[in-house]
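We'll go one chain at a time.

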Amino acid sequence: MSTRTGRKVGTPQGVVGTSPLRPDGIPKLQGRFEYAQDLAAEGMLWAATVRSPHARARIASIDIAPALAIGGVHACLTADDVPGRATFGLEHPDQPVLAAQEARFWGEPVAVVAAEDLDTARRAAAAIEVGYEPLEALTDPEEANRRDEVFRRMRIRRGDQSVRGAVVVEGEYEVGMQDQAPLGTEAGLAVPDGQGGVDLYATSQYVHVDQEQVVASLGLRPDQVRSHPTGIGGAFGAREDVNLHIHLCMLALHTGRPVKMVYRRSESFTGHVHRHPAWLRYRHEADRDGRLVRVEASVVLDGGAYASTTSAVLANACYFAVGPYTCDSVAVDGVGVRTNNPPCGAMRGFGAVQVCFGYESQMDRLAHALEMDPLTLREINALETGHPLATTGQVIQTPLPTVEVIKSLQAMPLPEAGPSDLPTELPGGSGLTSEPQHVTRGVGYALGIKNLGFSEGSDDYAQARVRITDSGAVVETAAIEVGQGLVTVLAQIARSALGISHVEVAHVDTSKIDSAGSTSASRQTQVSGGATLEAAQRLRERILGQFDGDVLDDEGVWRGDTLVTPWTALAAGDWEETVTFRHPPTTMTDDNGQGVAHADFAVAGHRAVVDVDVELGLVKVLRVDTAQDVGLALNPQSVRGQIEGGILQGVGLAVMEELVMGEGVILNPTFTDYLLPTILDAPEVEALLIEQEGSWGPYGAKGVGEPPTISSTAAVAAAIRAASGREIERVPVRPQDIALP
Amino acid sequence: MIPPRDITLLVNGREYSVQVEPRKTLADTIREDCGLTGTHLGCEHGVCGACTILIDGSPVRSCLLFAVQCQGTAIETVEGLATDGVLHPLQEAFWEHHGLQCGFCTPGFLMLAKGALDEDPSLTRDELREVLSSNLCRCTGYQNILIAVEAAAARMRP
């Protein structure tokens, strides 16, 4: 053992609390980063999907012969060719891999083909003759509710149900169907292993759950299917559910060739689930001092044709139906209905977004009725640590700085008065239709609350492995980097815990590590971060114990100021630690919706400033400022990145983003017609990060991805209401909602 | 089907001799025939700008051009932005200012900004916002993209 004395005391670089540059930045900036769209393999075939042109139809016949007659076509597969379980689903396997007797939504996959090249595959898909007999489609959620076509009903009753308040406000609210619209569409490559198994590289937020579903539907042993994390162009919930995964594996095993598929944008709009459209009814009752004494809510979500995560989204919507406020008499009834509309499921905010628009609109109405400042009303009712959640009664154990959020918003300076004379800054933009003298300004506030991690008794865990290498350490995980910066923050956590500067993150496939769970529910920094922290801490302790050292750093193990084990000697050993991290357990609630359903919570608030041309119904969102409860910002730059991006998705839902349905058909499945905010639609953002110790996340960190999207929509709607005087009971707010109420 | 044509494209200073159908887009040709997959397709019809490249120095959407139209032009893609492994000021600034998250839109924004700043490195913040409004990003909220482009512009000024 070589020894050296005279240790230089130094702090490792890139630890928690700093903002090291993203390690995937260089390949992404040089065009070398491999997205699922870019994958290729020797002898690869291309696949295409045949989709139902009807919202509901009986499938009387499928003739694949015309497709097979085309040169270069290697496979045309239908429901009859699914070797294992005929259905899949994230929570309930109710969705056919390929529609058999009946197609239940517009765009539902009916057949898949593989051919030598993409053009041939698409020609073959068009050549398959499907005999559809259109059936009456059920597209009205109220009618579905009457017919008891439901995925789940929720009933929450808490406290004395006879309580009544002196001041009562009621309202009905509607939220349109939003799309995640990640810039990269669904794509993937399946490679047969020559022994009956398959390797899948496809867009995903959760490779282990993809693998389980592929195994089931292909009738294979679990060890025969390996799902590999791959580069993806955004997610936002759209990649939790299986779409092309099983199809690709079927085609690869059927043909014995690697098979690739990339959805076109219009196909992507039908190929993934959307944010549930919602219909909300509220009744808030308060005493004359503004204290909430009773909240009643009814929540209807349209789940579309198949279950996806509707039951969990509905639960979230109901559990957070009162928002970050205390109230001791609550009744919430919710239903997620089954229709022939497109399936809806996970999108950033997961049910908490829709109800936030409802309860925050109500809080403003109540403030108006009480002639009270809207933030004062919120402060009077603020839910904080130690209080029971109004719906479930779960006592909040971790820090919840609701009052500090409110006070922070109050303290933020407002922009100068008056609309800008820059045409691009006026409502309607450079179309030059608005004139400054017709523009009025409005300011609106909203608060939101969200659970972090999976709820209702889910066994929510993540595994991570930390291994010593020649250059430092590597964190191995199957957790998906969707762009949020997990690849940066896991390395930061390991650096801090080990005390070294050189840590990389390696994404490994499902055969090499246990599940990290989904990159969703704002959970990976807390859960995979928790596993990484514990693995790194244990590894450091074992190493120090082995060499009787007191410090580990980039040079090796030190005892006092003597280097007892240089890094080369350490790297020659077999040092690794694998940890499965679980957050505090949760339980399913009882028949009244009471129980400890959630592991952690985060609160955020937004203040929106808008200019509105009431006559033309045009809106310009100038600013959305925010204060957000983050626990501890492990990487402040990434946290702000999540906040700024999340706010813009909330602004999109407030003023422009909606999938417009016509009898079950998406009428605008392109980026020409489904409007995404550009930089000229993007408000300026000032974000205040509120840090408090006490959460169970690594170093007290909380998930930060979803809160920016929850109350930003409601804040913009409130600002439009203030500017226009209109009721604004629906988002997105359309020009006619302002100009022709 | 009209038979394929033999064409030569000049991409990042290198000649690529490829055989393409006349209807094949430049974006598909760059990705599939030249093997340069840094040019991304987000919408396939000229809205999102992820496929933005430079032709004779001007930003264009490569999904709206046919490859056969582009013979005799100088095509620049994101792969040609760094020279001898040294990042372009725009790439450096996007990295430093967290101007990317998933990164799918990034090559398009880089080429858009390069075209605009090469033509006029003195563009103001408001002018840059107008330029950048032609491309879509779903992750960042654009704040850091604007900051990065402004920072790069300062470095690129003579």
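The domain bounds used here come from an automatic or database domain assignment. This is a predicted model, so to speak of local features takes pLDDT of at least 70, side-chain atom pairs count only at pLDDT 80 or more, and totals for chains, interfaces and linings use all residues. Residues are numbered from 1 along each chain as its sequence is written, chains are lettered from A and ligands numbered from 1 in the order in which they are written, and side-chain values use heavy atoms, with hydrogens and water left out.

Start with chain A, which splits into domain 1 (2-33 + 461-582) and domain 2 (395-454 + 592-741). Taken over C-alpha atoms, the centres of these two domains of chain A are 36 Å apart. Contact (heavy atoms within 4.5 Å) involves 25 residues of domain 1 of chain A and 25 residues of domain 2 of chain A. Together they bury about 1,700 Å², where buried area is the accessible area (1.4 Å probe) that two parts lose on being put together, summed over both. Carbon and sulfur atoms give 60% of that area. On the domain 1 side of chain A, Ala521(A), Ser522(A) and Gln526(A) supply 36% of what is buried, more than any other three residues.

Now for chain B, with domain 1 (5-80) and domain 2 (89-156). Their C-alpha centres lie 21 Å apart, and the contact takes 17 residues from domain 1 of chain B and 14 residues from domain 2 of chain B. The buried area between them is about 1,200 Å², with 63% from carbon and sulfur atoms.

The count across this interface of chain B is 1 salt bridge. Glu76(B) and Lys114(B) meet in a salt bridge through their side chains, at 3.3 Å from N to O. The domains of chain B also have 7 residue pairs in polar contact, both at pLDDT 80 or more.

How values were computed
A salt bridge is a side-chain nitrogen of Lys or Arg within 4 Å of a carboxyl oxygen of Asp or Glu. A polar contact is a pair of N or O atoms within 3.5 Å; within protein, one must be able to donate a hydrogen and the other to accept it, and residues adjacent in sequence count only if both atoms are side-chain atoms.
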